[in-house]
Amino acid sequence: MKWLEKLCYAQWPGVVGVFLTLATPALGNEPRLNQLQVIGSHNSYHRAPEKAVWEMLVSRNPQRAQSLDYTHRPLAEQFGKLGIRQVELDVYADPKGGLFAKPAARAIVQTQGKDPGEDPDSGGVLGKSGLKIVHVPDIDYRTTAPTFVDALEQIRAWSAANRRHVPILILVELKEDALPGLPTRPVPFGKDEIDSVDAEILSVFQRSQILTPDRVRGTFASLLESIKSQGWPALQDVRGMVMFALDNEGEIRDRYLQDHVALKGRLMFATVAPDDPAAAWFKVNDPIRSYDRIQKLVKEGFMVRTRADADTVQSRKNDPTQREKALASGAQFVSTDYAEPDRRFSDYSVRFPAGQVARSNPISGDPAWSDLDLETGKPAPVPRKN
C-alpha cells in the first residue's frame, strides 16, 4: 500500500485524508477533533545557551538564566520519539535579512577569549530575508530551526512520512518588542509583515493540508456559529493535517484580524472573546488559576491550549501540581518543556499515564475510548508513570 499512498500524495494531496481514513481502524463512534487531548512542546525549537554565554547570563541574572536552561529534540524526533502533536515557534520579521546573524552575547564572549560555540549564521541562512525563529535576540538564540520556513519544512516532511497522525497544532508567536539593554531592535509586524506569515506558510503547505478557520467555518457566517451548530471536524476527516494558531493577543492579534472578520481568508486561529465571530480556539496558559475557565470553554465546544510547566520551575522542584491540573482541565493541547525528564533536575515529565499519543479528552471525550490511543485506534501501550 506504500506505493499507492505515495502516488495519492504526489498527485492528489487533498485526497490523502480519505485514503488514510480507509487505512485507519474504525473507532465506532468516531471522535471529533475537540474530543482528543495531546501533549505539546513549548518553544519547540529551543536549545540552551552555549556554556560561555550561559555563564555570562548566570553572572548577570541567575533566575533568568535558569529559565533558559532547557533543550528540545529536533522537531521530527519530538513527533516520532515523544509523540508530540503541538509545537510552538517564536517568529521575528527580518525583511532585509541579517538582523539576527550576529548575536551580541556571542560577540562578547569572543572578545573575552572564550569559545562562543557554533555560528548561528552558518551557511548564511540568517543573512537572507524572511521570518526568523529566535527566543530572545542577542542572548538566547540557539535553535533547531533558524527560519520559519525551515521549521515548517521539517514539520511537513515528518507529516508526509506519517500521514495517519492526528492534526499537529503549530502555535506561532509573533515578536516585535525590543528588550532593554539589548542592541537588536526587532521589526514591528505591520500589515506586510503580518501577511508574510500566511505567505510563508503557503510556501510550504498547500491549503488542502491545513485545517484552516475557513474549513472549520464551512457555510456558517462565523466560527462561533459553526462551533455551536456543527462542532469540529471528525478525526477521520483531518488525519495527516496541520493547523495553526496565533499565540498573540492584543495589538498583534487585532492586526491579524483586521479586514478578516471571523478570520475569513486567514490561516491561523486566534484567541478572542468567547462571543466573538472568530471564537474557536483559546490560549489559556495557567491551568491552576484558570482551571474552571478552561473546563467551561471545553464544555462549550472550544479548543484550548494550556501549559503544564514554565521556566524550568516544575522540573527543578519535581512538582506535578500544574501538570495534573492541565491534564484534568480538558485542554486539548497541554504544552511542556519536559516530554521526557531532564535528569539533572528530577524525574518530572509530562506524558499520558497509559502512554498514548492522543487520548480521549477527560471533559469532552467518550469514556469508551479511555483505553485507546486515538491516533492509531488501537489499545494504548503498557501504562507507565510520568
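Me: Why is glutamate 118 called partly exposed?

Reply: In this predicted model, glutamate 118 has a relative accessible area of 43%, and because partly exposed covers the range between under 20% for buried and over 50% for exposed, glutamate 118 counts as partly exposed.

Me: What makes the contact of arginine 142 with glutamate 118 a salt bridge?

Reply: The closest N and O atoms of arginine 142 and glutamate 118 are 3.3 Å apart, and since a salt bridge asks for a side-chain nitrogen of Lys or Arg within 4 Å of a carboxyl oxygen of Asp or Glu, the pair qualifies as a salt bridge. Both residues also belong to a network of salt bridges that links Arg47, Glu50, Glu118 and Arg142.

Me: Why is arginine 142 called buried?

Reply: Its relative accessible area is 15%, and buried means under 20%, so arginine 142 is buried.

Me: How do you know that glutamate 176 and arginine 255 tie together separate parts of the sequence?

Reply: Their side chains meet in a salt bridge, with 3.1 Å from N to O. Glutamate 176 lies in the loop between strand S4 and helix H8, whereas arginine 255 lies in helix H12, so the pair joins parts that are 79 residues apart in sequence.

Me: Why do glutamate 176 and arginine 255 fall into the classes they do?

Reply: Glutamate 176, at 18% relative accessible area, is buried, because the cut-off for that class is under 20%; arginine 255, at 25% relative accessibility, counts as partly exposed.

Note on methods:
Residues are numbered from 1 along each chain as its sequence is written. This is a predicted model: local features need pLDDT of at least 70, side-chain atom pairs count only at pLDDT 80 or more; totals for chains, interfaces and linings use all residues. Side-chain values use heavy atoms; hydrogens and water are left out. Buried means under 20% relative accessible area, exposed over 50%, partly exposed in between (1.4 Å probe, protein chains only). Helices (H or I, at least four residues) and strands (E, at least two) are DSSP runs, numbered from the N terminus.
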